[in-house]
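Please keep the structure in view while reading.

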Amino acid sequence: MQRTLIVMVKEPRPGRVKTRLAREIGSVAAAWWFRHQCARLLRRLRDPRWRIMLAVSPDSDGMASRCWPEDLARLPQGSGDIGDRMARAMRAAPPGPVCVIGADIPGITRAAIWRAFRALGGAEVVFGPAEDGGYWLVGVRNARQVPQRLFEGVRWSSEHALADTEYSVAGCRIARIDKLSDVDTLADLTAMRP
């Protein structure tokens, strides 16, 4: 079975991406950072052990965008909250293990992604926790068997997101891998710099 890594991306236009960061550094600078962060991440994560797909937003702009590498398959995120969109993307992947990540986590490495896929050998669901109580990665053993209640009742953008999501798959074998940080504020961005 094929392994699939889905990267959730937004069209990097000022005012559409990284709005919390934009309040501190300006919308043009925030969009510039996001576009370059995505490009670096996609280059770094290419690996023959998995296929990368992009879940794009907004749907029509993202599908036609020239910002993203042409060789990567794309699918529209569609409507709903982030849980609806991630579940839809997971179910659209080919049969086999599937992991979903955000594009705003500079610390993601191929080694971390490989640990997530390896964890799905013994677990049904895997999470990469984030420092803020959320998570930067979620994966399931088989895209054809995404737990029906996955993401149900999750308090998104809160310190409860990971705990709520784990609760939504109570009864499944769960694994956790590396804890990483995303970039939402200038302080987050500054902390990432060496």
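How much accessible surface does the protein chain have, and what percentage of it belongs to carbon and sulfur atoms? In this predicted model, the accessible surface of the chain comes to about 9,500 Å², and carbon and sulfur atoms account for 50% of that area.

**Overall build**
- The secondary structure consists of 7 helices and 7 strands, which follow one another along the sequence in the pattern β-α-α-β-α-β-α-β-α-β-β-α-β-α.
- Because its radius of gyration of 16 Å is close to the 16 Å that the globule rule gives for 194 residues, the protein chain is as compact as a globular protein of that length.
- Taken along the principal axes, the box filled by the C-alpha atoms is roughly 45 × 35 × 35 Å.

- Of the 194 residues in the protein chain, 50% are buried.
- When contacts between residues at least 6 apart in sequence are considered, 66% of them join residues at least 24 apart.

**Helix 5 and its cover**
- In helix 5, which spans residues 110-119, the buried residues are Ala112, Ile113, Ala116, Phe117 and Ala119.
- Viewed down the axis of helix 5, these buried residues fall within an arc of 160°, and they therefore line one face of the helix.
- An α-helix has 3.6 residues a turn, so residues three or four places apart point the same way.
- The cover over the buried residues of helix 5 includes helix 2 (27-45) together with several strands, among them strand 1 (4-10), strand 4 (98-102) and strand 5 (125-129).

Conventions. Residues numbered from 1 in each chain as written. Predicted model: local features only at pLDDT ≥ 70, side-chain atom pairs only at ≥ 80, totals over all residues. Heavy atoms only, no water. Buried < 20%, exposed > 50% of the residue type's maximum accessible area, 1.4 Å probe, protein only. Helix = DSSP H or I, 4+ residues; strand = E, 2+ residues; numbered from the N terminus. Arc of directions from axis to C-beta. Contact = heavy atoms within 4.5 Å. Rg over C-alpha atoms; globule rule 2.2 N^0.38 Å. Areas by Shrake-Rupley, 256 points an atom, 1.4 Å probe, with all protein chains shown as cover.
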